[in-house]
Amino acid sequence: MLLKSVEHIFWLGRYLERLDDTARLINATSHLLIDSHQDTQFGWPILLEVLGQDSKAILGTAAAAVDGEQGKLSVADTEKAVMAYLINAADSPVSILYTSSALKYNARTIRPLIPRDMWEELNALDLFLQQNCSMAVSRQQRYQLMSEVSRRCQMVVGVLDGTMLRSEAFDLFNIGRHVERADMTTRIMDVMVLQQLQPTQIKRPKFRWTSILNALGGVESYQHYVAHQAADVDAIDYLLTYADFPRSIAYCLNRVGASARGLPHSVSILQQVYQLQSLLQHQALAELSTEQLHSLIDHIQAGIISLHQAILAPCQAPLAAQTQQKSA
Amino acid sequence: MTAPIHTSSFSGYPFTEGCYDELVAATGQPRLPAAAIARFIDKHGRAELLARQQLLNQTISAMGVCFTLYSEGQNIDRGWPLDVMPRTIPLSEWRKTSAGLTQRLQALNLFIDDLYHEQKVLKDGILPADLVLDSRNFLAPCRGVSPPFGVWAHICGTDLVRDETGRFLVLEDNLRVPSGVSYMLENRTVMKRVFPELFADSTIVPVDDYPHQLWKMLASLSPRPGDVPCIVLLTPGIYNSAYFEHSFLAQQMGIELAENTDLTVEDDGVYLRTLHGRQKVDVIYRRVDDIFLDPTVFRSDSVLGVPGLFKAWAKGQVAIANAPGSGVADDKVIYAYVPKIIEYYLGEKPLIDNVPTFLCSDEKDRGYVLANLDQLVVKPANESGGYGILIGPRSTQVERDEMAAAIIANPRNFIAQPTLALSTAPTLCDGELEPRHLDLRPFILQGQDLYCSTGGLSRVALRKGSLVVNSSQGGGSKDTWIINDEV
């Protein structure tokens, strides 16, 4: 495989997962917010925060654009502005449409590595998004639309699983998907869990609130988990350490580790994976103070960034890597 | 020769006067190879044909068959235009045509090899030496280089047209980086999805062995025969108008799709940058023009080239298809001499004739051309894609005056041909079947062996009366069905 392709196939996996995760996040959070759920202490802007965006700046711009009432958006207008930013705003680097273009760009660049069936699915996905996501939609349509986005992302993965050669490209695609997923799970925890807990020296309270698990498609399996654990556990244990749940950090790390084994730079990738795994294993999560929990999440986020860099390291310094190979 | 069963499918078909129609005989009856499609229309009606065209368009979007237009900002891909009506040719006729095409490529390769070695053809006065030596496609650094089998132009896309009698003529030879074969292959894939019953019922010869034949030809050029060759397709990148084709062919052949930055040259060997370090490259199927190939030899400002590539090729360390310099025979002035070239090298009469051609470099011809600009098609010698052409009968006086001035200033750069009554084929236009002009680009391969594609890419001018078939200028395409009439 071309060295250059490493980056593109990895990003293909990341963007595909991001598309799926963004659609899930929109739907789960919408349900939560329109329910006026008793646990809810959030407004729509939290979605922007999860995706690492500056909600004040974005909504400030949106407010300025609304006629009349300068500087203040109604709840309905806030919802509209946030959804536009997440789905179709031209200037948004996290929108569904932006992610889809990035997906298409990467797929195009490595077209020869992609089986025809998967290429057609990716194409259909992009066409669907261009046709359906470019205009604002009602809540009810939005729900259908986001479910369809998720479903189509799963179809791409399914087709790929059934047709793609078990090659380094396949491994890198899967690594990309699981790095992105771990990243998204961490973001959701960071914003939606930690913002509820001021950093203190006292032992953290049990986290009984399970609604955010909706965003991760994990409510039912969480009930199963709680029912079968001897120790006293909560949603934080579940999202971080329960390796049977495919959206937990532990699961994603296992998958990255397994997929990295065949790569020539597996050693440096696995090193990052082990470091992250030991972060999770060496702490009894229930015993942490809220401050320690904050710091743990910070460390995991930093670890995921290092992992990402280790995966792309050969592409970052192509000339150096070539010289090294030559002398070897 | 028309179909034995009387059909009404083409009744009222508005023939273009003086043109041969590919599918419909002058009687209004379908020609024999078109019998199956005619029966389909009879049985299911026009409405079904329209429905199939819609299905076809959807299939093309779903498959992502596209071509790229320059200067359209972000939205760079266009859906590939394919007409639902196929173009049919009997196999018996195609056999003769493909023999003529391989004959032509063999002669052209002997010619190119001679030009870069002894230049016997010039010494024997078959064509004027200055025509060749002054051509900007004659690349002096290539002199003395001996590529495998003496073959320079490994892939040739020859444009064929039919005259008013239905006879195939060669319009031009594309020996540099001919494109379009991926659309020939994808057109067939689309049509099989859209007309499964026709493929089940009639005897349409398959086209899908082309990628394997191309791979085999490229492999035969490897400087390390006997070992598995490392073959790469060199593309200018994802913004090139033919990128779809580059990625498609690389995938179909299972070879790497490389840009210049993926290649390095060391000690005259060419290497690919892979995840596992350097890998020696044996054969490069390049889709980059000659002058951009190597900035140390040709254009020094080329950002698409690989420094040192030319020397590696000249030393036989790597094969390049088509070889640098093969464009010397892809020149509309040289074209006029190809029938003589065939006789000179092969001692055979050409199996397919040229379109009659006037050379503006010849004083007598030039006088005729200048006096008859309103009757002729004038072409620059070295342009492709249909650019810079004057179609006399459709030109304005101002355009003709400009062309006359250009010819007088640089006669070597122009040729002229009579305005051809290009053949037509029924094409679905606004719900009706109307005649539209078309040509045919078969693809011919030469390495150790010779091969000609089954049919080729039929390009059709979608605007009424238009003769311009290029997709960049409003042209469409048709699937070309070679129908086995020998069973």
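**View 1. Placement of domain 2 and domain 3 of chain B.** The centres of domain 2 of chain B and domain 3 of chain B, taken over C-alpha atoms, are separated by 28 Å. Chain B is divided into domain 1 (32-90 + 181-206 + 422-483), domain 2 (94-179 + 207-346) and domain 3 (356-418), with bounds from an automatic or database domain assignment. This is a predicted model, in which local features need pLDDT of at least 70, side-chain atom pairs count only at pLDDT 80 or more, and totals for chains, interfaces and linings use all residues. Residues are numbered from 1 along each chain as its sequence is written, chains are lettered from A in the order in which they are written, and side-chain values use heavy atoms, with hydrogens and water left out.

**View 2. The area buried between domain 2 and domain 3 of chain B.** The two domains bury about 1100 Å² between them, 50% of it on carbon and sulfur atoms; buried area is the accessible area (1.4 Å probe) that two parts lose on being put together, summed over both. Of the area that domain 2 of chain B buries against domain 3 of chain B, 45% comes from Arg136(B), Lys332(B) and Val333(B), more than from any other three residues. In contact (heavy atoms within 4.5 Å) are 14 residues of domain 2 of chain B and eleven residues of domain 3 of chain B.

**View 3. The salt bridge of Arg412(B) and Asp331(B).** The closest N and O atoms of this salt bridge are 2.9 Å apart. The term denotes a side-chain nitrogen of Lys or Arg within 4 Å of a carboxyl oxygen of Asp or Glu. One salt bridge is found across the interface of domain 2 of chain B and domain 3 of chain B.
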